[in-house]
Amino acid sequence: MSATNRPPALSVEQFETTANLAGTLVLDGREKSLFSAGFIPGSVFIGLEGNFTYWAKHVLPDPSVKLLLVVPETQVADASQLLREAGFNNIEGYLEGGFEAWQAAGKPVDEVPTLDVARFAADFKGGKVAHVLDVRRPDEFRESHISGAQLLPLEVLRDRIQEADPAKAYHLHCRSGYRSTIAASMLKARGSATVVNLHGMIDEVFEAGVPSE
């Protein structure tokens, strides 16, 4: 990508001011564990380690949305190019210094609590998991799913997000944790207060004794 197509670097204050404008969305492309540990409130996660272009098309609003990027400096050009390939051309800028600069400035931070397989299984068996939201594809769900889980595939979550009750405390999962981190960010941005995410393989959850259907 040429330098002329690279979005501008924005200071924390510039970034915050722009993020508060109507029609603007903060897109965080860091690795899922980094995002879950701390992110700018209202951000939507699509990690560059996954199928970034595909999920941009299925997760982001229409192409008129104005985007602000939170990605490592070395990945700004790649993220911008991939977004343009997906049809998103309104990239307003990226956060100079990354999320660390936001933290250092003492700005608000949100997080998505995560559980590994052992903790998820223990909580499920202990009755601490009331509502499981499975964001895999329907064919994956039909093959095997956690007993009592609600299916809401990530591909359609943008358009059917109202099917997830914002008053419920959800435990989310997919196959490995990438898609469910995207879904968790969408639910948090929508206003869901309590979202917990599984970072681990769903097959290992079944092996740990969580009942399946």
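The following conversation goes through a predicted model of a protein and asks how its descriptions are reached.

User: What makes this protein as compact as a globular protein of its length?

Analyst: The protein has 10 helices and 10 strands. Its radius of gyration is 17 Å, and the globule rule gives 17 Å for 213 residues, so the protein is as compact as a globular protein of that length. Along the principal axes, the C-alpha atoms fill a box of roughly 55 × 35 × 30 Å.

User: How many of the residues count as buried, and what belongs to the accessible surface?

Analyst: Of the 213 residues, 49% count as buried, a word that is kept for residues under 20% relative accessible area. The accessible surface comes to about 9,600 Å², and 49% of that surface belongs to carbon and sulfur atoms.

User: What share of the contacts joins residues 24 or more positions apart?

Analyst: Among contacts with a separation of 6 or more, 71% are accounted for by residues 24 or more positions apart.

User: Why does the length of helix 9 agree with what its residues should span?

Analyst: Helix 9 covers residues 178-190, and at 1.5 Å a residue its 13 residues should span 18 Å; the end C-alpha atoms are 19 Å apart, which agrees. Just after this helix, Gly191 takes a positive phi of about 120°.

User: Why is Ser176 called partly exposed?

Analyst: The relative accessible area of Ser176 is 23%, and because partly exposed covers the values between the buried limit of 20% and the exposed limit of 50%, Ser176 is partly exposed. Ser176 sits in the loop between strand 9 (170-173) and helix 9. Leaving aside residues up to four places away in sequence, Ser176 touches Lys32, His199, Gly200 and Met201. The C-alpha atoms of Ser176 and Leu198, which are 22 residues apart along the chain, are separated by 7.9 Å.

User: Why does Pro166 count as partly exposed, and which residues does Pro166 touch?

Analyst: With a relative accessible area of 44%, Pro166 is partly exposed, since exposed would need over 50%. Pro166 lies in the loop between helix 8 (154-160) and strand 9. Not counting residues up to four places away in sequence, Pro166 touches Arg190, Ser192 and Ala193.

User: How do you know whether Gln14 and Glu143 are exposed or partly exposed?

Analyst: Gln14, which lies in helix 1 (residues 12-19), has 43% relative accessibility and so counts as partly exposed. Glu143, whose place is in helix 7 (residues 138-143), has 71% relative accessibility and therefore counts as exposed, the limit for that word being over 50%. Glu143 and Gln14 are 129 residues apart along the chain, and their C-alpha atoms are separated by 48 Å. From Gln14 to Pro166 there are 152 residues in sequence and 31 Å in space, C-alpha to C-alpha.

User: How far apart are the mean positions of the positive and negative charges?

Analyst: The protein has 20 positive and 28 negative charges, and their mean positions are 3 Å apart.

Terms used. Residues numbered from 1 in each chain as written. Predicted model: local features only at pLDDT ≥ 70, side-chain atom pairs only at ≥ 80, totals over all residues. Heavy atoms only, no water. Helix = DSSP H or I, 4+ residues; strand = E, 2+ residues; numbered from the N terminus. Rg over C-alpha atoms; globule rule 2.2 N^0.38 Å. Buried < 20%, exposed > 50% of the residue type's maximum accessible area, 1.4 Å probe, protein only. Contact = heavy atoms within 4.5 Å. Areas by Shrake-Rupley, 256 points an atom, 1.4 Å probe, with all protein chains shown as cover. Lys, Arg positive; Asp, Glu negative; His and termini not counted. Charge placed at Lys NZ, Arg CZ, Asp CG, Glu CD. Expected span 1.5 Å × (residues − 1).
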